[in-house]
Amino acid sequence: MKLKDSLYKIESQHDGVFDILMLDGHPVYEGHFPGEPITPGVLSLAIVRECASMLADKELRYSAVKNCRFAAMIRPAEKLTLTITHTPIDDGSQIAAEITDREGNLRLQLEATLTDSLN
Amino acid sequence: MTTDDITSLIPQRPPILMVDRFSYEVDSLCHSELTLKEDNMFLHNGSMVPEGLLEHIAQTAAAHIGYRRKMAGEEVNLGFIGDIKRCTMGKRMPTVGQTVMTTMRVVSQVGNITMVSAESTSNGVTLIECRMKLAN
């Protein structure tokens, strides 16, 4: 599973702030939902994971989600800003992340732990 | 009630159909299963990323909501995750061919807001535990 450049594109990136464009045409939209494309909430979590892995410069996966609030839906072709604050821990990262639209409206708020000790 | 026709209860379709079987026990309890196939979109290096388990749990909750709506003579509608809380994932994630078995309890159901608590296991090993709030 790799979503960068198929589900979303990173237009710019600096200090944990990612300007993201949601792309049209990812196969997931055939099933979520037929005739009404809406980005599955869990794929927003996957986008945060992929970007957090870039920041940590290693492949991370979730080990705990303390709190994740889906404040509003995300749809293809939207322009969003993802802000990640990450603190390295023994076997991964602790992160706080927010996705907002370019007007600053909150879409997703997340506190989670990611690990680099994979299967 | 056990159904093999999960698509009569939830609006999700391939490639993001993440429940194979669903069984409704009572209003506050249900079970579901997913056998991981090679073409599952949440596979990464041969095992499932935890986001796939979260989607499986969300769709289990959606099936529970869909079942209740169907029994009430209402149409199945779109549902969305409102929040995820107190979620922990195990060290090992399921691999192709393994079956994920989920037990879900409905903590509260007020209007169109449903709160659930779920645990998924595979071969008796806990994969994920979490609380989720859904709106439909």
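Although A:Asp15 is not a glycine, its phi is positive, at about 50°. The residue belongs to the loop between strand 1 (8-14) and strand 2 of chain A. Helices (H or I, at least four residues) and strands (E, at least two) are DSSP runs, numbered from the N terminus.

**Basis of the model**

The model is predicted: local features need pLDDT of at least 70 and side-chain atom pairs count only at pLDDT 80 or more, while totals for chains, interfaces and linings use all residues. Residues are numbered from 1 along each chain as its sequence is written, and chains are lettered from A and ligands numbered from 1 in the order in which they are written.

**Further backbone features**

Most residues other than glycine have a negative phi, and most peptide bonds are trans. In chain B, B:Asn123 has a positive phi near 50° and is a residue other than glycine. B:Asn123 sits in the loop between strand 8 (113-122) and strand 9 (125-135) of chain B, and is exposed, with 10 other C-beta atoms within 10 Å.

Cis peptide bonds occur at two further sites. One joins A:His32 and A:Phe33, with omega about 0°; A:Phe33 is part of the loop between strand 2 (17-22) and helix 1 (41-56) of chain A. The other runs from B:Pro14 to B:Pro15, with omega near 10°, and B:Pro15 is placed in the loop between strand 1 (2-3) and strand 2 (21-26) of chain B.

**Contact between the chains**

Chain B contributes 29 residues to the contact and chain A 24 residues, where two residues are in contact if their C-beta atoms, placed from the backbone, lie within 7 Å. On the side of chain B that touches chain A, strand 4 (43-44), helix 1 (50-71) and strand 6 (80-89) of chain B each supply at least two residues. Strand 6 of chain B gives the most, with nine residues. That side of chain B comprises 18 nonpolar, five polar and six charged residues; Ala, Val, Leu, Ile, Met, Phe, Trp, Tyr, Cys and Pro count as nonpolar, Asp, Glu, Lys and Arg as charged, and the others, Gly among them, as polar.

**Strand pairing across the contact**

Strand 3 (residues 61-70) of chain A and strand 6 of chain B run antiparallel and are joined by five bridges; two strands pair if DSSP finds at least two bridges between them. A:Val65 stands opposite B:Cys87, which lies in strand 6 of chain B.

Technical notes: Buried ≥ 20, exposed ≤ 12 C-beta atoms within 10 Å, placed from the backbone.
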